[in-house]
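This report covers a metal site and a set of salt bridges. The sequence and structure are shown first.

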Amino acid sequence: MRQADPSPRKPRRQITLPGSGVVPGIAIGPIAFAAEPKLEITRQKIAAADIAAERRRLDEAVVRARQQLIKLRARLAHLPEESEGELGPLLDAHVHMLDKSRLMRAIYAAIEEKLVSATTAVLDVSEAQAASILQSPRAGTDDSGAAARQAEEVRELGRRLLRNLIHLPFRSFAGLPPGSLLVADALRPADAALIAPDHFAGIITEEGGDVGHTAVMLRAIGIPAVLGVNGLIGAAREGSLAVLDGTTGQITLNPGPRLLADAAQSRTRFASAQRGLARLRRLASTTADHLPIELQANIELPFELPMVVRSGASGVGLMRTEFLFMNRDSLPDEATQLAIYRDTIEAMDGDPVTIRLLDWGSDKEVEALVAAGLVPETREENPALGLRGVRLLGNAPMVLETQLAAMLRAAVYGPVRILIPMVCRPREITLVRDAMDRVWRRLEAEHVRLPATKPPLGVMIETPAAVIAGATLARYADFFAIGTNDLTMYALAADRGLPARFGLYDALEPPVLRLIAMTVAAGDVAGIPVSLCGELASRPEAAPLLIGLGLRSLSMHGGAILRVKRVVRSVTLSRCEALAAAALGASEASTVHDLLDAYK
Ligand code: PEP
Ligand code: MG
């Protein structure tokens, strides 16, 4: 989170910084920093029996605050030395205060002695201590500046604890100037879901990689975006001009007149190339030697639907349902879900829609589940390896059954397939199939209109275990959808949110390609359909490789469909297979990148 403008003397000279291009396009505009939303708190009394629970809530908020401060401290290394020297001690002081300071002792005591909630205690005690610092004899002397600063530090730490206690999203976007470039140190997927598609010219963050869920969300929103720009927060200034190139992943701060003119030209060229792609919409998605390749769309947010329809997608290969649960504090009911699924199915006009069950966990936090008490308030130590996807659904039968009921009812409006996330074992499939049978019987008994047959039930192949157990899982599943985003992460032990500059996370590493080939083979032997819906499918240069690996169905964000179709129409199967054989035999991703470059 951006605490303050850390460098009042930032240079105005032109600086270009590299990052990961996440959404292609050129954007030019003034920088607007993501602001924090207002804290709205109501004071609350508690019963003596609740003291322990409130103390625990406070403990968790303190742990989270400490982690945030340590992260901010580490990031100062990118700032000019004088700014680091100024801000470092302040953050250290905050960490110190979280330990056994007078402030913290008084907050814990207020919960116990005054019987108030943790939130009320933080608010009242931090205000009272700040006021007493300002009224101390020191405040009227030469030292008054120091006293004011100290009071502000106490208030600032109090605000941090309050935000953590009430799980307030750290971002607010609505009030920022339209047409600007949104700059943030990091955006959570839920933050990204709050961004209106036409509001900003572009989005830039210091953290994040091109396959994290935030990147996936931003592709859905379609605003040019670059993530993982090292040093951004230290160098950028509110209101100053910047240029973003979502294709190369470069951003330029304080651009000079030449660069600005070039960028404006590139922006026009990009827009006309986009218009040129539209003519491909009505053309078949077949290779030059007439092999049909199905191109479907991934949907993360409902407003993508018109764009998906315009793209000519032959169905939805992956509808992520996490958005239904984000940025709200109650669970969406069956009717709410049914309305959204039905809109999507009707818009696809007879083409299949694959709806995935809730994939909570890892880098996707879903507040509604915390509020419903289905997941603990404190994040798991290692969320990518914890209660994610179907594992969570196994512990939350009501969430699973409500979702299945909405999906089954929606299936009367057109063909639906149901997809299970994060499967490793057959019993995770049986768990969902049994729940589906139960819900089906209940709906039948209630005389609810249902489709003639139950929808196919498929699994995401996104863990190495699922690939290795492919032949077994295929006996339980009706189809496979390969999720290369997670499969790459779990196979290479590299977080999908890592910035590309580390070179650790790359879906083109030969071991990952071998896992894809193994899955295609397992599906073929079992006679079940296999598609690929990770971000790799959106990369036009990867299409020949994926076809060569045996895939005939790719699902990607709607904005990529025509670019991928252009490549599909230009390739032949024999060249794709030769490319895939060479890539599978390569020892490093760099060789695979070279092979793809040479193929163009
Ligand atoms: C994947 O892991 O590749 C995938 C498509 O699922 P998600 O990105 O939602 O985890
Ligand atoms: Mg996944």
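This is a predicted model: local features need pLDDT of at least 70, side-chain atom pairs count only at pLDDT 80 or more; totals for chains, interfaces and linings use all residues.

## Magnesium site

Two protein side chains coordinate the magnesium ion (ligand 2): Glu462 through OE and Asp486 through OD, at 2.0 to 2.1 Å. Glutamate 462 sits in the loop between β13 (457-461) and α16 (464-468), while aspartate 486 belongs to helix α18 (residues 484-492), so the pair ties together parts that are 24 residues apart in sequence.

Glutamate 462 has a relative accessibility of 2%, and because the limit for buried is under 20%, glutamate 462 counts as buried. Aspartate 486 is likewise buried, with a relative accessible area of 2%.

## Aspartate 486 and arginine 388

Aspartate 486 also takes part in a salt bridge: its side chain meets that of arginine 388 at 2.9 Å, N to O. Arginine 388 lies in the loop between α12 (367-371) and α13 (390-395) and aspartate 486 in helix α18, so this contact ties together parts that are 98 residues apart in sequence. Both partners, aspartate 486 and arginine 388, are buried.

Arginine 155 and glutamate 127 form a salt bridge through their side chains, with an N to O distance of 3.3 Å. This pair links distant parts of the chain, 28 residues apart: arginine 155 is in helix α5 (residues 144-165) and glutamate 127 is in helix α4 (residues 118-135). Arginine 155 has a relative accessible area of 25% and is partly exposed. Glutamate 127, at 37% relative accessibility, also counts as partly exposed.

Another salt bridge joins arginine 442 to glutamate 446, with the closest N and O atoms 3.4 Å apart. Arginine 442 is partly exposed at a relative accessible area of 33%, and glutamate 446 is partly exposed at 45%.

## Network and total

Salt bridges with shared partners join Glu322, Arg356, Asp359, Arg388, Asp486 and Arg496 into one network. Asp486, a member of this network, is also a ligand of the magnesium ion. Arg388, its partner in the salt bridge described above, belongs to the network as well.

How many salt bridges does the structure hold? The total is 21, and the pairs described here include arginine 155 with glutamate 127 and arginine 442 with glutamate 446.

Key: Residues are numbered from 1 along each chain as its sequence is written. Chains are lettered from A and ligands numbered from 1 in the order in which they are written. Side-chain values use heavy atoms; hydrogens and water are left out. Donors are N, O and S atoms within 2.8 Å of the metal (3.2 Å for Na, K and Ca); water is not among the atoms, so sites may look incomplete. Helices (H or I, at least four residues) and strands (E, at least two) are DSSP runs, numbered from the N terminus. Buried means under 20% relative accessible area, exposed over 50%, partly exposed in between (1.4 Å probe, protein chains only). A salt bridge is a side-chain nitrogen of Lys or Arg within 4 Å of a carboxyl oxygen of Asp or Glu.
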